[in-house]
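The report below describes a two-chain model and is meant to be read with the sequence and the structure side by side.

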Amino acid sequence: MTATVPNSIGAAQAGSPPKDRGGAARVVAGGLDLGQTASAAGLEAIVGGIDPRLLAAQAAPAAPGSMSIQNVSCYYGAHLAVADVALEIPGRAVTAFIGPSGCGKSTLLRAINRMHEVIPGARATGSIKLDGVDLYERGIDPVSVRSKVGMVFQKPNPFPAMSIKDNVLAGLIIRGARPRGSAADELVERCLNRAHLWEEVKDRLKKSGDSLSGGQQQRLCIARAIAVQPDVVLMDEPCSALDPISTLAIEELMRDLARDYTVVVVTHNMAQANRISDITAFFSLASAGQPGRLVESGLTADIFSAPKVAATRDYIDGRFG
Amino acid sequence: MKGAAIAVALVLVGVLVFLAVNGSPAFTAGEGELPAHAKNFLALAAPLAFGSLWVAVIALALAALPAVGVALAATIYAPAPRFGRFLGAVLDLLAAVPSVVFGLWGLMVLAPVMVPLYEWLHAHAGWLPFFSGEPSVTGRTVLTAGMVVAVMILPIMAAMCRESFALTPPALIEAAYALGATRWEMTRAAVLPVARSGIVAGGMLGLGRALGETMAVAMVLSATPDLISLNVISSENPSTIAAFIASTFPESTGSAVSALIGLGLVLFAISLVVSIAGRRIAKKGAAR
């Protein structure tokens, strides 16, 4: 494996908000040279972990941007919120996390790009690999993880003081790499097009992002997330604050995004999970206060038609609690 | 509620009437009737108004960055909530120190310590109008007074900043982090733009306080009341309205007293303008 071996003094410690971007080891998963052995290992992981029919569904067996979650537990202080999750997330596909409130699906999602640890006292253990690189390895800077694994939140959160255009470029502006002139225009158009928003906003790019509708704002946030060229886009109930029409637009967009990005979405909407996802992971908890656990995961078609665990069936049929 | 509001308004009007009625004889007074050998009221008031603004602006300039820094340390950069509370308590204590104590400290501790710095500034940056001319040997200069006042207005400014930083929508903090921002980059993208009006309002409040600061300035500054000078390290310094009133009042009678009251009216007007401007800016920011 040619993964970067962290050796710099400036490497950020896990469990703290990012301090500095200088010197810390970067995740280079996207551009990583996956040798033969690595590909074979990835293939094995998928064949071993997931229904082989997935192989047919995927263009390439080890599509770039695939993730492997192993033994992951998430804590808030001493409270164990998610216990011991193991899950393979195929690249360039949509994976849906479903389950009742408090089952830890959002917490796990936030652990994937290390947003979890921004909350004081929050931490995660275990390993989450992106294309074979462990994002939780010592010396991996959470800042670089987040530029490879983007996130879209429940409530659209464009920067109110920025124009629509600057919102798209925000990830670059923030780190002092604002593109100028035609390079900026091209990037903005490409990302807004990719987010199915270009036609609606192309005449008012200078306006504030606040002037858009909720659904448009959410698509602006998606454009902003993909402008920094992540491998993975995490979405935390991206439609729960939106009306049905806007929801449909986002769902369509998620399917489309999965051609170029690995999409992981947390949703409370069963029908949505069924419509848009390739893989579904069902989380649950024994009772309030107990840690959430992964109950079962697999091809969405199987989870919805023939779940192996009774709890999954009850939840999907609406007989839960 | 309503009664209290009316009472406050009445007190304000009462003060204004008192200042206007008792100060008005001074507006027309001629040479010999005014303190500091002034020819007329304007000649008396202008240098002092300049001095007040000059010391206040210096104090504001010195306190602004530390105030923002301390507020950031207490909120965004606090390693634990307890640290933020501790810093807040320290600032509250600082705000509770009496003005006279700051004056004594400025006079006896800070002023002598600053003398070598002033000599250095004169030697290396003497081409700037602020540092030209012979530096003071006692250190009791406009800059020293500005420093003392800066320490005094730091708590209120930091508190205002802290309040507005704490109000940053968590969604924006998350948005910035999720784009791969470091903590400082997040602060610049999410915290500071939203808090801008709060920072400005804090600055205006600090400026208002600095304008009215009396004892510390009167004690520290070795003043020449009829002087207008940008030099901040000289032994010849403009005085401020508040300090001038405090130091001149005990030996004043008749028309000199009304001149001092007239000066009070001038200071009142300046403070009013500053606080109205601050309110405007804060409101404008909040409406956005």
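Two residues are in contact here if their C-beta atoms, placed from the backbone, lie within 7 Å. With that cut-off in hand, the buried residues of α6(B) can be said to pack against α4 (142-148), β6 (149-152) and α6 (170-174) of chain A, together with α7 of chain B. The model is a predicted one, and every value in this report is computed from it.

## The two chains

Chain B has 10 helices and zero strands, so that from the N terminus on its elements run α-α-α-α-α-α-α-α-α-α. Its C-alpha atoms fill a box of roughly 70 × 60 × 30 Å, taken along the principal axes. Of the 288 residues of chain B, 46% count as buried, and residues 24 or more positions apart account for 79% of those contacts in the chain that have a separation of 6 or more.

In chain A there are 13 helices and 10 strands. Buried residues make up 49% of the 321 residues of chain A, and 69% of the contacts with a separation of 6 or more in this chain are between residues 24 or more positions apart.

## Where chain B touches chain A

The contact between the chains takes 16 residues from chain B and 26 residues from chain A. On the side of chain B, the helices α6 (170-178) and α7 (183-212) each supply at least two residues, and α6(B) gives the most, with seven residues. Sorted by kind, the residues on this side divide into 11 nonpolar, two polar and three charged.

## Helix α6 of chain B

Is α6(B) largely enclosed by the rest of the structure, or largely open? Seven of the nine residues of α6(B) are buried, so this helix is largely enclosed by the rest of the structure. The buried residues of α6(B) are Leu172(B), Ile173(B), Glu174(B), Ala175(B), Ala176(B), Tyr177(B) and Ala178(B), and their packing partners, as stated at the outset, belong to chain A as well as to chain B. After the helix comes Gly180(B), whose phi is positive, near 85°.

## How α6 and α7 of chain B pair

The axes of α6(B) and α7(B) come within 8 Å and cross at roughly 155°. Angles over 145 degrees count as roughly antiparallel, and α6(B) and α7(B) are therefore roughly antiparallel to each other. Their crossing is right-handed. From α6(B), the contact is made by Leu172(B), Ile173(B), Ala175(B), Ala176(B) and Tyr177(B), and from α7(B) by Glu185(B), Met186(B), Ala189(B), Ala190(B) and Val194(B). The residues of this contact divide into nine nonpolar, no polar and one charged.

## The largest nonpolar core

In soluble globular proteins, nonpolar side chains tend to be buried together. The largest nonpolar core of this model has 171 residues, and among these Val149(B) and Ala176(B) touch the most other members. Helix α2 (residues 41-74) of chain B contributes the largest share of this core, 18 residues.

Ala176(B) links several parts of this account, being one of the buried residues of α6(B) and one of those that make the contact with α7(B). Leaving aside its neighbours within four places in sequence, Ala176(B) is in contact with Ile174(A), Ala181(B), Glu185(B), Met186(B), Ala189(B) and Ala190(B).

## Positive phi in chain A

Most residues other than glycine have a negative phi. Asn71(A), although not a glycine, has a positive phi of about 50°, and this residue is found in strand β1 (residues 67-76) of chain A. Asn71(A) counts as exposed because it has 12 C-beta neighbours inside 10 Å.

Gln229(A), also a residue other than glycine, has a positive phi near 55°. Its place is in the loop between α9 (214-226) and β7 (232-236) of chain A, and with 15 C-beta neighbours inside 10 Å, Gln229(A) counts as partly exposed.

## A residue of the helix α10 in chain B

Leu272(B) is located in helix α10 (residues 255-287) of chain B, and it counts as partly exposed because it has 13 C-beta neighbours inside 10 Å. Between Leu272(B) and Val90(B) there are 30 Å in space, C-alpha to C-alpha, while the two residues are 182 residues apart in sequence.

Terms used. Residues numbered from 1 in each chain as written. Chains lettered and ligands numbered in written order. Predicted model: local features only at pLDDT ≥ 70, side-chain atom pairs only at ≥ 80, totals over all residues. Helix = DSSP H or I, 4+ residues; strand = E, 2+ residues; numbered from the N terminus. Buried ≥ 20, exposed ≤ 12 C-beta atoms within 10 Å, placed from the backbone. Nonpolar A, V, L, I, M, F, W, Y, C, P; charged D, E, K, R; others polar. Core = buried A, V, L, I, M, F, W, Y, C linked by C-beta atoms within 7 Å. Axes fitted to C-alpha atoms, helices over the stretch in contact; angles between N-to-C directions. Parallel < 35°, antiparallel > 145°, perpendicular 65-115°, else oblique. Left-handed = near helix turned anticlockwise from the far one by under 90°.
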